[in-house]
Amino acid sequence: MRLPVPEPGPGEVLIKVVAAGLNPLDWKLADRARSGETAEPAVYPLIYGVDFAGKVAALGEGVTRFAEGDAVFGQPKRVPVGAYGTYAEYVIAAEDGVLAVAPENLPLPLAAALPTAGQTALSLLEAAGLGEGQTLLLVGAAGGVGSFVTQLAAARDVKVIAVTRGVGERVMGELGAAETVDAKSGPPVDDLRETYPDGVDALIDLASDAEQFAEYAALVADGGVAVSTVHSAEPEALARRGVEGVNFVIAPSAGLLARLAAEVAAGRATVQLDAQVPLADAPDAVARSRAGKSRGKTVILV
């Protein structure tokens, strides 16, 4: 479907999209919009996508942070849902929103994979408060967010125990994991307890329901932290045994995006791409994401 090229308003930037990053959030937002769960009605046709990389095509009145031709990456205006999706040739972003200059050493299609997964990973590490020599149990380590967490933690000399489903030691070891444990048959808690009788310093769990999260959280030592990205933590119950429980919610920002770009520029994280697909194949890529068949990141070339 052809739509008019949007025009940037005051304080807004028009970006010619080179690539859009695919995230489960894309179809989850669309599902919520269709079911009427969003705060306000969605706009149709509903355009998917919350991550992009591209070049500044035009500036709205008063914009000073960017110039035409700048290579940028980030996230567009979010409201109303569907109006500013990134699976498109052009997108509007706020100058003071989640927008930053793209890392110079990274091609734009790879930069498109960074905003949601990379910001989430960096924020998770900050929430866990881990430092050199400490131990992180990372559940769901092979996905887009998990691969970034693994790399960023390892770059800080944190020992990463990667829990995956069928993704082996070689792959995770290349990302920096010290150990890889297969959870295909369920949480390998007994094996982990035997290997780490004194517990681990932190748990970051990207996938587990409340029951499985509690099993993993039991491995966290007194004074540690257990973080869930799917709201499976029970902070009060964890606090009774000296563990901080966190149901993580990301707060995207230009500052966080800039810190992420610095991490990538310094070589502390690289993008692990599962696939690059043309815009025409976006529906198939979304279906693959829904089915949980994606490893690493998928980007949509516009």
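Q: How do the residues lining the largest pocket divide into nonpolar, polar and charged?
A: In this predicted model, the lining of the largest pocket divides into 21 nonpolar, 20 polar and 8 charged residues.

Q: What makes a residue part of the lining of the largest pocket, and which residues lie nearest its centre?
A: A lining residue must have an atom within 4 Å of a point of the pocket, and 49 residues line the largest pocket, with P24, K28, V145, L206 and T229 lying nearest its centre. The volume of this pocket is about 1400 Å³.

Q: Which helices and strands each supply at least two residues of the lining of the largest pocket?
A: The helices are α1 (24-34), α3 (115-128), α4 (144-155), α7 (210-217) and α10 (282-290), and the strands are β7 (159-164) and β13 (297-301), each of which supplies at least two residues of that lining.

Q: Why is α3 called oblique to α4?
A: The two helices pack at an angle of about 50°, with their axes 8 Å apart. Angles under 35 degrees count as roughly parallel and those from 65 to 115 as roughly perpendicular, so an angle between these ranges is classed as oblique, and α3 is therefore oblique to α4.

Q: Which residues make the contact of α3 with α4, and how do they divide by class?
A: On the side of α3 the contact is made by A117, G118, T120, A121, L122, L124 and L125, and on the side of α4 by G144, V145, F148, V149, L152 and A153. By class, this contact has 10 nonpolar and 3 polar residues, with no charged residues.

Q: Why is α1 called roughly perpendicular to α10?
A: The axes of α1 and α10 cross at roughly 95° and come within 9 Å. Because angles of 65 to 115 degrees count as roughly perpendicular, α1 is described as roughly perpendicular to α10.

Q: How do you know which residues of α1 and α10 meet?
A: Contact requires heavy atoms within 4.5 Å, and P24, W27 and D31 in α1 meet V286, S289 and R290 in α10. This contact has 3 nonpolar, 1 polar and 2 charged residues.

Q: How much space lies in the second largest pocket, and which residues are closest to its centre?
A: About 530 Å³ of space lies in the second largest pocket, and of the 20 residues that line this pocket, M1, L3, I47, Y87 and A88 are the closest to its centre. Its lining has 17 nonpolar, 1 polar and 2 charged residues.

Terms used:
Residues numbered from 1 in each chain as written. Predicted model: local features only at pLDDT ≥ 70, side-chain atom pairs only at ≥ 80, totals over all residues. Heavy atoms only, no water. 1 Å grid on protein atoms, 1.4 Å probe; cavity = no way out; pocket = protein on both sides within 12 Å on 5 of 7 lines; lining within 4 Å. Points joined across faces, edges and corners; volume = space filled by probe spheres on them. Helix = DSSP H or I, 4+ residues; strand = E, 2+ residues; numbered from the N terminus. Nonpolar A, V, L, I, M, F, W, Y, C, P; charged D, E, K, R; others polar. Axes fitted to C-alpha atoms, helices over the stretch in contact; angles between N-to-C directions. Parallel < 35°, antiparallel > 145°, perpendicular 65-115°, else oblique.
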